[in-house]
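Welcome! Here are a few exercises to work through with the model open beside you. Try each task before you read its solution.

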Amino acid sequence: MTLDRYAVIGNPISHSRSPAIHAEFARQTGEQLSYEALLAPLDGFRDAVERFRRAGGRGMNVTVPFKLEAFALVERCSPRARAAGAVNTLAFGPDGIFGDNTDGAGLLRDLVHNLDRPLEGQRILLLGAGGAARGGLLPLLAERPASLTLANRSVAKAHALAAAFRSHAPDVALDACGFIDLTGRAFDVVINATAASLANEAPQLPPGLYAANALAYDMMYGRGDTPFLAAARNDGVTQRADGLGMLVEQAAESFLLWRGVRPDTAAVLAALRRQLAGE
Ligand code: ATR
């Protein structure tokens, strides 16, 4: 029997945990599929996707730096992919390539379900104004927080992003500012969607941003605390989480789209956490 083929495509890709995650989802649900990691040259994304599709591929996950190109490539896409302007999941069908973006749903599922943090009425601070922030915005707004503040190093980018999303959630107080403008304000949920961790840095935030029982959430993850989470710990924040749960949950959303069955993520996340700690 030939297995349905899936892959994650990116550059670099060797570090990707998606093949292990999807292999475990397949084992758990009894779905017959294979899932591999594909390195595409920086100028060869389209060709690599086409080749995989012609070879019988059924779908792909798309990761850095190709999510915008994937959005441009698809013939149809979900409303959440259109809002994000980025695609992390491709499904190949008889009527062409369908694109979805499961990152925001993965974030939401991790926050609300895994971390038991309902967002309705909460004051949310979202740090960053790049693709990661953009992908999270619509699902966060849909939870009807009391307010959502977008803060970014380049303030103009935060303003532009807020302006683009304001009509999506007229009931939510959506504002934008620079990091220093946050002085004197307090938030219940602070989400780091900047790429600062990649440079081993934390966004330069004023002190006192965290309300009592606030959650500090980093979309990035690593072996120990990310710089953002280390800074939150120093600020006395006891509830902290990295993006490993988001990674597993966005994968589960993709798996659901492709196979029509939602895998159980808890055991996969726990195993991945143990593995990361041992590396
Ligand atoms: P992604 O798609 O991962 O969001 P991106 O589009 O390159 O990546 O955006 C990176 C985000 O991280 C931006 O918000 C960027 O801030 P600027 O718009 O001011 O560049 C933010 N960022 C990157 N390094 C940072 C740092 N050291 N401190 C704070 N913000 C940082």
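Helices (H or I, at least four residues) and strands (E, at least two) are DSSP runs, numbered from the N terminus. This is a predicted model, in which local features need pLDDT of at least 70, side-chain atom pairs count only at pLDDT 80 or more, and totals for chains, interfaces and linings use all residues. Residues are numbered from 1 along each chain as its sequence is written, and side-chain values use heavy atoms, with hydrogens and water left out.

**Exercise 1.** Find how much of residues 243–273 is helix and how much is strand.

*Solution.* Start with the record: the unreviewed UniProt entry annotates residues 243–273 as "domain: SDH C-terminal". Next, look at the chain there: 81% is helix and 0% is strand. Finally, check the ends, whose C-alpha atoms are 11 Å apart.

**Exercise 2.** Describe the surroundings of the ligand, beginning with the number of residues.

*Solution.* First, count the residues with a heavy atom within 4 Å of the ligand: there are 14, and Asn 152, Ser 154, Lys 157, Ala 195 and Glu 201 are the closest. Then look for polar contacts (pairs of N or O atoms within 3.5 Å). A ligand oxygen atom lies 2.8 Å from a backbone N or O atom of Ala 195. For Glu 201, a polar side-chain atom is 2.6 Å from a ligand nitrogen atom.

**Exercise 3.** Is Cys 177 buried or exposed?

*Solution.* Recall the cut-offs: buried means under 20% relative accessible area, exposed over 50%, and partly exposed in between (1.4 Å probe, protein chains only). Cys 177 has 8% relative accessibility, so it counts as buried. Cys 77, at 13%, counts as buried too.

Definitions and conventions. A polar contact is a pair of N or O atoms within 3.5 Å; within protein, one must be able to donate a hydrogen and the other to accept it, and residues adjacent in sequence count only if both atoms are side-chain atoms. UniProt positions are given in the numbering used here, feature names are shortened, and annotations may be inferred rather than shown by experiment.
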